[in-house]
Amino acid sequence: MPVDDAVEPLERLLNLVGLLLETNTPLTFDQIRATLDGYQGDNVDSVKRKFERDKDMLRAYGVPLEMTGTDVWDVEQGYIIPKDRYYLPEISFTPEEITALYLAARTGSEAADVAQGVRKLLYGAEGGLLTGAAGGPLAVEGDTAPDRLTAAAGAASERRAVRFGYRTAQGAMSEREVDAFGVVCRGGHWYLVGHDRARDAIRAFRLSRVTSEPIDIGEGVAPPEGFRAIDHVESGPWNAVDGERGSVAFGPAAAILAEASIPGAMRESLRNDGWVVLSIPAASVEDLAMLVLGYGPEAEVLAPPSLRDVVIERLQAMAGE
């Protein structure tokens with residue numbers, strides 16, 4: 001079999017695209033022929049016709065194959081595929097666009113391929129519905145009523161204020177009035193982030209703790225410049241939304257793991273014995289106690305006293321006292 005027929009057409013086209021994408025300067029036909037097996041052979045005219053056909057095919061497929069001078073004097077013409085014209089630009093979405101995409105996927109079609117397509121579009125979206133590696137999946141899994149998610153997302157998108165009943169992680173019940181800024185998913189849970197009018201501060205509200213349907217109470221205020229909803233939601237099972245922080249000392253090795261793996265952990269000090277004191281977000285002392293106990297003797301609770309009491313109580317229960 002002649003050398004120029006040994007390479008399949010598809011392989012030849014892919015090799016040509018790869019070569020012209022990677023070159024920094026335009027390549028002449030002779031340089032291409034000398035580099036790629038698919039254009040070698042004794043009959044130069046036949047090889048050149050094959051090359052012309054391949055060029056036409058690539059252009060028909062939308063590949064921006066350009067012919068330009070190989071130097072400033074344009075003595076010879078060469079071929080190149082500009083990367084900035086070949087590769088698609090990075091897709092980015094505003095939080096409002098992300099919300100609209102998600103809601104469209106939920107309300108417009110139940111088809112799995114539609115939902116999967118939106119998930120692929122949204123992963124990595126900055127400041128919107130999804131988080132990075134520490135975040136949860138794009139889903140409303142038994143934890144949040146779809147109607148409440150839709151209402152919250154709609155309020156955020158239209159810059160409306162809403163009123164709803166809310167239960168904190170500690171079980172306290174209250175009614176909240178919030179200027180809705182954004183809806184995010186983190187740690188597998190959905191949150192409405194906005195301006196809490198009673199507290200005059202930006203707060204995040206876990207939608208699974210919303211106890212009544214959000215009611216539109218009028219026009220809301222705009223979020224502050226540079227606002228990113230995701231920045232106001234801590235992640236992890238010890239989520240600190242409307243919670244508190246605990247001060248915990250960790251042994252040197254455990255401190256490295258805790259500081260890297262606990263979202264929101266902040267170093268407070270380094271003790272003389274080499275232990276590192278971290279401030280850790282906690283939705284409740286019970287959640288934080290479970291975290292501390294997981295580190296065994298390499299963690300020591302310093303504050304608050306209520307956290308120490310819970311840890312001691314659980315240690316006594318485990319010891320059978």
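User: Are Phe51 and Tyr79 buried or exposed?

Analyst: This is a predicted model, in which local features need pLDDT of at least 70 and side-chain atom pairs count only at pLDDT 80 or more, while totals for chains, interfaces and linings use all residues. Residues are numbered from 1 along each chain as its sequence is written, and side-chain values use heavy atoms, with hydrogens and water left out. On the accessibility scale, buried means under 20% relative accessible area, exposed over 50% and partly exposed in between, with a 1.4 Å probe and protein chains only. By that scale Phe51 and Tyr79 are both buried.

User: How many aromatic pairs are there, and what geometry do the rings of Phe51 and Tyr79 have?

Analyst: Rings of Phe, Tyr and Trp (its six-membered ring) pair if their centres lie within 6.5 Å, and planes under 30 degrees apart count as stacked, over 60 as edge-to-face and the rest as tilted. By this rule there are 8 aromatic pairs. The rings of Phe51 and Tyr79 have centres 5.2 Å apart and planes at 75°, so the pair is edge-to-face.

User: Which parts of the chain does the pair of Phe51 and Tyr79 tie together, and which residues form a cluster through ring pairs?

Analyst: Helices (H or I, at least four residues) and strands (E, at least two) are DSSP runs, numbered from the N terminus. Phe51 lies in helix α3 and Tyr79 in strand β2 (residues 77–80), so the pair ties together parts that are 28 residues apart in sequence. The cluster linked by ring pairs consists of Phe29, Tyr39, Phe51 and Tyr79.

User: Why is the pair of Phe181 and Phe227 edge-to-face, and where do the two residues lie?

Analyst: The centres of the Phe181 and Phe227 rings are 5.3 Å apart and the planes stand at 75°, so this pair is edge-to-face. Phe181 is buried, with a relative accessible area of 5%. The pair links distant parts of the chain, 46 residues apart, with Phe181 in strand β4 (residues 173–186) and Phe227 in the loop between β7 (215–219) and β8 (244–250).

User: How many salt bridges are there, and where do Arg12 and Asp54 lie?

Analyst: A salt bridge is a side-chain nitrogen of Lys or Arg within 4 Å of a carboxyl oxygen of Asp or Glu, and the count by this rule is 13 salt bridges. Arg12 and Asp54 form one with an N to O distance of 2.6 Å. This pair links distant parts of the chain, 42 residues apart, namely helix α1 (residues 9–22) for Arg12 and helix α3 (residues 44–60) for Asp54.

User: What are the relative accessible areas of Arg12 and Asp54?

Analyst: Arg12 counts as buried because its relative accessible area is 10%. Asp54 is likewise buried, and its value is 3%.

User: Which side chain makes a polar contact with the side chain of Asp179?

Analyst: Asp179 is placed in strand β4 and is buried, with a relative accessible area of 1%. A polar contact is a pair of N or O atoms within 3.5 Å; within protein, one must be able to donate a hydrogen and the other to accept it, and residues adjacent in sequence count only if both atoms are side-chain atoms. At 2.8 Å, the partner side chain is that of Arg197.
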